[in-house]
Amino acid sequence: MRRRVLEALVAARAARRPVVLATRLSDGAQWLLPDAAEEAAGLREAAAARLAGEASGVAEIEGERWFLAVEAPAPRLAIVGAVHIAQSLAGFAGACGFAVTVIDPRAAFATEARFPGAAVAVAWPGEALAALGTDARTAVVALSHDPKIDDPALDAALRSEAFYVAALGSRRSHAARLERLRALGHGAAALARIRGPAGLAIGAKTAPEIALSIAAQLVEARRA
Amino acid sequence: MSDGEDVLGAAASWLAVGERVALATVVESWGSSPRPAGSRMAVSDRGRIAGSVSGGCVEGAVIEAARDCLAGGAAREMTFGVSDERAWAVGLPCGGRITVWVEAVV
């Protein structure tokens, strides 16, 4: 691999731009798509198909074997509420490959020191999620227990394509939350997107255990 | 397939401090082999390693090939199948089979 190809791959990842690295297995020649100006016939179409399916693999094109490596941007997790559970969840999700952003308007909680490896936004969730650009590769989980913080986050998440939306809280407080979100104009289908209480039912008690149950549900939503 | 660990980013950071780097990428996998196509491992000439191409079963042989690439050897495709315990050969005890592409960054 040419060093400039590696640098282009790293830059694409940083810009959250999906690309395909095509390697001709007979001689190791490589093209980065869709950036390449000229490439072998049929390669662009094959790369586009791989990109759409997000699956790397071998393709046979005009008698040559090619390896098409899909380099898709990392999925993201926005954690709203820089609470104790958030600290463990940021670690688990980071280890599972999520780019984590912790959002909380309370500067005492939302500190870099409490969340090593995560981006920290001291801001209200509405504006922070808008700045993040919540897309179909983004998950949003509300952990603050404070409707002033959680509700605007869920409101924004339900108006986005986020693939996973969850909120912490008892069944009773979740029911009350659904009522408030209904009053903001969300219908039954939108409200059904919220996993509440957040996390798989594994009998979690401690903050790290609850974080683990949420991380597991996040992986399930992405992969299963 | 991105699995989160930023192996290419690690490789770029090693290059930036003057190390030489080789990359190994799973090209095809069959059966119960643990890592999907696109999984990567980076190896530096100072012995740093990031990522993986299997559950640890064939990494030793791949690292050896990566060092050979760093010493000027050609990029190559390596195939690993079911291990033969009697022969002490490198392989996959899970019964899967993988093909790995190994290349230096030049």
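Tutor: One term before we start: contact means heavy atoms within 4.5 Å. With that cut-off, D155(A) is in contact with L181(A), L184(A) and H186(A), leaving aside its neighbours within four places in sequence. Keep in mind that this is a predicted model.

Student: Where is D155(A), and is it buried or exposed?

Tutor: D155(A) is in helix α5 of chain A. Its relative accessible area is 18%, so it counts as buried. The cut-off for buried is under 20%.

Student: What about E161(A), where is that?

Tutor: E161(A) is in the loop between α5 (147–158) and β9 (164–167) of chain A. E161(A) counts as exposed because its relative accessibility is 60%.

Student: Which residues is E161(A) in contact with?

Tutor: Setting aside neighbours within four places in sequence, the contacts of E161(A) are T134(A), D135(A), A136(A) and R193(A). For a distance, take E60(A): E161(A) is 101 residues from it in sequence, and the C-alpha atoms are 35 Å apart.

Student: Zoom out. How many helices and strands in chain A?

Tutor: Chain A has 8 helices and 10 strands. Its C-alpha atoms fill a box of roughly 65 × 40 × 35 Å along the principal axes. Of its 224 residues, 47% are buried.

Student: Charges in chain A: how many positive and negative side chains?

Tutor: There are 26 positive and 23 negative side chains in chain A. The centres of the two sets lie 6 Å apart.

Student: Backbone next. Where are the cis peptide bonds that you have for chain A?

Tutor: One joins L33(A) and P34(A), with omega about 5°. Another runs from G196(A) to P197(A), with omega near -5°. P34(A) is in the loop between β2 (30–33) and α2 (43–53) of chain A. P197(A) is in the loop between β10 (194–195) and α8 (207–223) of chain A.

Student: Why point those out?

Tutor: Because most peptide bonds are trans. Most residues other than glycine also have a negative phi.

Student: Then which residues have a positive phi although they are not glycine?

Tutor: R16(A) is one of them, with phi about 55°. E54(A) is another, with phi about 50°. R16(A) is in the loop between α1 (3–14) and β1 (19–24) of chain A. E54(A) is in the loop between α2 and β3 (57–61) of chain A.

Student: How exposed are R16(A) and E54(A)?

Tutor: R16(A) has a relative accessible area of 23%, so it is partly exposed. E54(A) is at 37%, so it is partly exposed too.

Student: Switch to chain B. In what order do its elements run?

Tutor: From the N terminus, α-β-β-β-α-β-β. That is 2 helices and 5 strands. Chain B has 106 residues, and 51% of them are buried. Its accessible surface comes to about 4600 Å², 51% of which belongs to carbon and sulfur atoms.

Student: What pLDDT does chain B average?

Tutor: It averages 86, and 83% of the residues score at least 70. Strand β4 (residues 76–80) of chain B has a mean of 93, and strand β2 (residues 40–44) of chain B is at 97.

Student: How does strand β5 of chain B pair?

Tutor: Strand β1 (residues 21–30) of chain B runs antiparallel to β5(B), with 8 bridges joining them. In that pair, W30(B) stands opposite R97(B). β4(B) also pairs with β5(B) in the antiparallel sense, over 5 bridges. There, R76(B) stands opposite V102(B).

Student: How many residues of β5(B) are buried?

Tutor: 7 of the 8 residues in β5(B), residues 97–104, are buried.

Student: Last one: what does E28(B) touch?

Tutor: Not counting residues up to four places away in sequence, E28(B) touches V58(A), R65(A), R97(B), I98(B) and T99(B). E28(B) is in strand β1 of chain B. Its relative accessible area is 23%, so it is partly exposed. W101(B) is 73 residues from E28(B) along the chain, and their C-alpha atoms are separated by 9.4 Å.

How values were computed: Residues numbered from 1 in each chain as written. Chains lettered and ligands numbered in written order. Predicted model: local features only at pLDDT ≥ 70, side-chain atom pairs only at ≥ 80, totals over all residues. Heavy atoms only, no water. Helix = DSSP H or I, 4+ residues; strand = E, 2+ residues; numbered from the N terminus. Buried < 20%, exposed > 50% of the residue type's maximum accessible area, 1.4 Å probe, protein only. Lys, Arg positive; Asp, Glu negative; His and termini not counted. Charge placed at Lys NZ, Arg CZ, Asp CG, Glu CD. pLDDT = per-residue confidence, 0-100. Pairing = 2+ DSSP bridges. Areas by Shrake-Rupley, 256 points an atom, 1.4 Å probe, with all protein chains shown as cover.
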